[in-house]
Protein chains: 2
Amino acid sequence: MPKDPVTRNDVAEYAGVSTAVVSYVVNEGPRKVAPETRERVLDAIRALGYRPNATARALRMGTTRTFGLITPDGGNPLFAELAKAIDREAAARGYVVLQTSADGDPVTERAKIAELLTRQVSGLVLVAPTADPSLDDVEVPVIAINRVLPTVSSVRPAYRDGARAGVEHLISHGHRVIGLVIGGAGHPERELGWRDALAAAGLQEGPIARTTFSREGGYRAAQTLLEAEPTAIFASSDLQAIGVLRALHEAGLRVPDDIAVVAFDGTPETEYTWPPLTVVRQPVELVAREAVRRLIDGEESMEALTVPTELILRRSCGC
Amino acid sequence: MPKDPVTRNDVAEYAGVSTAVVSYVVNEGPRKVAPETRERVLDAIRALGYRPNATARALRMGTTRTFGLITPDGGNPLFAELAKAIDREAAARGYVVLQTSADGDPVTERAKIAELLTRQVSGLVLVAPTADPSLDDVEVPVIAINRVLPTVSSVRPAYRDGARAGVEHLISHGHRVIGLVIGGAGHPERELGWRDALAAAGLQEGPIARTTFSREGGYRAAQTLLEAEPTAIFASSDLQAIGVLRALHEAGLRVPDDIAVVAFDGTPETEYTWPPLTVVRQPVELVAREAVRRLIDGEESMEALTVPTELILRRSCGC
DNA sequence: ACCGGTCTGGAAAGCGATTGCTAGCGTCGG
DNA sequence: CCGACGCTAGCAATCGCTTTCCAGACCGGT
């Protein structure tokens, strides 16, 4: 049965003080309240089950202590992990997060941004946003994750260096023909890292398959890649690598004996694939922490922060 | 550079009308506005880049059109999928969702619930909540997903029937010793379903391993289960099944030739394990839709809604 | 000419909180 | 004994919006 909400007025009346005093004790603010009065108020709050109305407070204070978070796809484990980390960081600072998916569609993305701004979020986190979400007249801090945008602050992993490290590891195992599964346009860095490693070792470019960032995409990409008979494949995301593994198994190839695989991202599920995947781990925690920090502390710089990746050796590379 | 926000007053002034009129046109409300005036206001809105303040509106209207969503772990693919589905359903109705993880901890859960209530959510979705989050004095609709609670409305898959169907399928393949990997206490239904199937076929109970709902848990559970030499394993969740697969691979067992596996949940990743998992699919979309519907339309009944599962045959069962 | 009805727009009362300013009052130094 | 000061507590304005109620303009019918 929905009871009508108890407001600060009720508390004030019950405790026999003015509403202002209730505010003072609720906020433990700079204002002092006599211990005795304070106790009376606290009792009233308990007795009535009073819960301050954050909406009213937000209106008055001009800040909601809420972040907006937009990912291309909440079902993607990487984004889910990021969202979780951001939630944790935000919660630790007393913020909550409005999370929503844009389904990779620029129009939806734009609409969601507008919706969140309308709701007066105190900051906006855009995970792997589309090229130009037009953020000119936005009056709150915005931070882009995993993609650098011209007009906003951003933080993302060292895609190029990380990819290079992954491919170099494959090279150190003696591989000479290393295929690449890369995501759609607009994310060139991992491809560059792959090229860097190959060039530094004096190797020819291996076969490339461009596809979506999905298991299905990786699966199909691997099938076409196999025609070039690579001895190793570097996948630009976990999801793709998982698709690759499936294609490899179906082709009767043994990993890593017949063909090695290394992936970028390193979400937890890569530890339980068969065989477990060697990955270039994206520092999700760090990215989340830094993103939240910048939003709250108001980092001025449009400078993109690049955080280092970590190579995690498991079985799929042959180690 | 943070510009100061443009309010409805600015728009009114710019358009040379009263603030009330601005409201009328913004809300397309019951009130009529002369087309000419209306145009002037719309022009003003565009010119000034006015965005209505949802906080103020919420305060006035007494509803935030926001849902709170608490999952035990945002990183769990099943919950991520659920969250995504709920977000979609909510968005379609003009709601947004405040999502947060309770980390499976009752205390955290309680704190998060309080936080969300403070923020005046219009409804609360609790995914697989702990036993008793004490929701007595809550004045907004609450719905529990994947667990039925004494005091709140709930919706969840047909755990018992689903599990039974999965196990029966295993039996139809000729299996006689079917192990069970089951989650911690408080979720007895899948275990009952397993028993149902066994009893109906006149089979003895197979070995049981109780563990957490995680890959790691499934992995260890399988190792102990193997001592009983089952010919098939039914896992109560995807995550556990993935751990089981790993243990099986490491033991040199071939799936499904040496041992079959069926899992409950059926998140997308089960399609890309090796071999692909036969699963009892939990109808995530349906659950989400029904949950949101109940929240918005205000379902009175405390009756728990049980939605049917679907058996998806893939390779791990031997089909 | 008057009355009633229709159509528009404006004034103003809140929604529940924060906070600057003010007032009451007990205490203490001169 | 008096004035000043420090400590508490209350008043009232304000945040941006919705909505009720009212006023004025204009119409047609009698």
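1. Domains. In this predicted model, chain A is divided into domain 1 (8-52), domain 2 (63-157 + 285-307) and domain 3 (159-282). The centres of domain 1 of chain A and domain 3 of chain A, taken over C-alpha atoms, are separated by 61 Å.

2. Overall dimensions. The C-alpha trace of chain A spans about 85 × 40 × 35 Å along its principal axes. Its radius of gyration is 25 Å, whereas a compact globule of 319 residues would have one near 20 Å.

3. Secondary structure and contacts. Chain A contains 11 helices and 12 strands. Of the contacts between residues at least 6 apart in sequence, 67% join residues at least 24 apart.

4. Burial and surface. Of the 319 residues in chain A, 53% are buried. The chain exposes about 13700 Å², and carbon and sulfur atoms supply 50% of that area.

5. Charge. Chain A carries 35 positive and 42 negative charges.

6. A:Leu248. This residue lies in helix H10 (residues 238-250) of chain A. A:Leu248 has a relative accessible area of 0%, so it counts as buried, the cut-off being under 20%. Leaving out residues up to four places away in sequence, A:Leu248 touches A:Leu226, A:Leu253, A:Val255, A:Ile259 and A:Val261. A:Gly184 is 64 residues from A:Leu248 in sequence, and their C-alpha atoms are 22 Å apart in space.

Key: Residues are numbered from 1 along each chain as its sequence is written. Chains are lettered from A and ligands numbered from 1 in the order in which they are written. This is a predicted model: local features need pLDDT of at least 70, side-chain atom pairs count only at pLDDT 80 or more; totals for chains, interfaces and linings use all residues. Side-chain values use heavy atoms; hydrogens and water are left out. Helices (H or I, at least four residues) and strands (E, at least two) are DSSP runs, numbered from the N terminus. The radius of gyration is taken over C-alpha atoms; the globule rule is 2.2 Å times the number of residues to the power 0.38. Buried means under 20% relative accessible area, exposed over 50%, partly exposed in between (1.4 Å probe, protein chains only). Contact means heavy atoms within 4.5 Å. Accessible areas come from the Shrake-Rupley method with a 1.4 Å probe; for residues, only the protein chains shown count as cover. Lys and Arg count as positive and Asp and Glu as negative; His and the chain ends are not counted. The place of a charge is taken as NZ of Lys, CZ of Arg, CG of Asp or CD of Glu. Domain bounds come from an automatic or database domain assignment.
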